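Keep the model open as you read.

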Amino acid sequence: MKHLMDITDLTTSQIDDLINTANDIIVNPEKYQDICKRKKLATLFFEPSTRTRLSFEAAMVELGGSVIGFSTSDSSSSSKGESVTDTVQTVSFYADIIAMRHPKEGAPLAASRRTTVPIINAGDGGHSHPTQTLADLLTIHREKGRLSNMTVGFCGDLKFGRTVHSLINALSRYDGIEYVFISPKELVIPDYVKANILDKNNIKYIETNKMDEYMPSLDILYMTRVQRERFFNEADYIRLKDSYILTIDKLAKAKKDLSIMHPLPRVNEISVKVDDDPRACYFKQVQNGKYIRMALILMLLDILV
Ligand code: NCD
C-alpha cells in the first residue's frame, strides 16, 4: 500500500522517475490515453481549490480513467458530523485512488491509516502540499535542467504557505541549494522547518524583509499569497497582505535567467505586467502540475509503462 503524504515519502530516484514519466507524457500523450481504463480517482476536497482538484481530475481523464468526488465539505456528510476517516473509508469502496485536501494538518495521514486504496495529500492546512512540490520540481527541472546548485528565494507568507514548506523539504535533498527567505517578521518560516530541515542539514539561508537587496543573487524567486484563511484575525491579514508586490521595476536587477514561480492563486503579489516577461513560470507550473499528477497516479497504482 502506497500513499503520498509528504514529499519525503518519495526517494530522490522516485522523483527522478516521476519527472522522466511526466516528460514522456508531454511528448507522447497517446501512449498513456487508455492506460487507466476503468480505474476511478476520487477527489475529496474539504477546502477550496481550482488547480489542484481540476488538474487531478484532468490527469485521470487523460489517462483514460474516470473521476468521482466532492469539491466542498458542505456537499458531503462531513456537514452532518461524519469523521474524515469514516468518509474516506467509505470512498475507498468506490475508488481505486483518492486525492484529498483538508484544512486540518494531518487529516490525510489519519485517513490513510484506515483505507485500502492509495491516498494522496492534496494539501493539509498550513503543513504540506507534496503534489504542488512535484509540479514545482518538474518546472524547475524543465527550466534549469537541474535541481541542484541554485539560490532559491521564497517571498511572502512563509509561515502558513504549505507549498513553501514542502518545496524547501524537497530541494534541501539536492546539493548546493541556498535559500533567501523574504517575509515580514510576522510571517517567517516556522521553527520546525529550520530545525528539522535547514539546520539539521547545514543548509545556508538568509532571512530578510528586503526583496530588492537579494534580487540579483536569485536563480528562482518563489512568490506566495498571504494565506488569509489561516489568520486568526482579519486586521493582521489586511496589514500584511500587500507586503510584497513583484513589479517589472523590481526585476530590473534580477538575473536574465531568473525563474519566477508562484503556486497560484495570485491575489496582488505579482503585477499582471510581469506575466509577459519570459522569466514568468507560474502558468507553466499549472501545466506541469497535470503531467506530474498523471505520472504520480501511474506510480501509486503500480501501472508500469
Ligand atoms: C496553493 C495551496 O493550496 O496551498 N495553491 C495550490 O495548490 N496551487 C497555494 C495557495 O493557496 O496560496
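Methionine 223 in strand 8 is the bridge partner of cysteine 155. Strands here are DSSP runs of E with at least two residues, while helices are runs of H or I with at least four, both numbered from the N terminus. This is a predicted model, where local features need pLDDT of at least 70, side-chain atom pairs count only at pLDDT 80 or more, and totals for chains, interfaces and linings use all residues. Residues are numbered from 1 along each chain as its sequence is written, and side-chain values use heavy atoms, leaving out hydrogens and water.

Strand 5 (residues 150-155) and strand 8 (residues 220-223) pair in the parallel sense over four bridges; two strands pair if DSSP finds at least two bridges between them. They belong to an open sheet of five strands with parallel pairing and the order 7-6-5-8-9. Strand 7 (205-208) and strand 9 (259-261) each have a single partner strand, so one side of each is left without a neighbour in the sheet.

Now look inside. A nonpolar core is a set of buried Ala, Val, Leu, Ile, Met, Phe, Trp, Tyr and Cys residues joined through side-chain atoms within 4.5 Å, where buried means under 20% relative accessible area (1.4 Å probe, protein chains only). The largest core has 59 residues, of which Leu134, Phe154, Ile168 and Tyr179 touch the most other members. Helix 10 (residues 282-300) gives this core its largest share, nine residues. A second, separate core of 19 residues includes Met211, Met223, Leu246 and Leu258.

Definitions and conventions. Buried means under 20% relative accessible area, exposed over 50%, partly exposed in between (1.4 Å probe, protein chains only).
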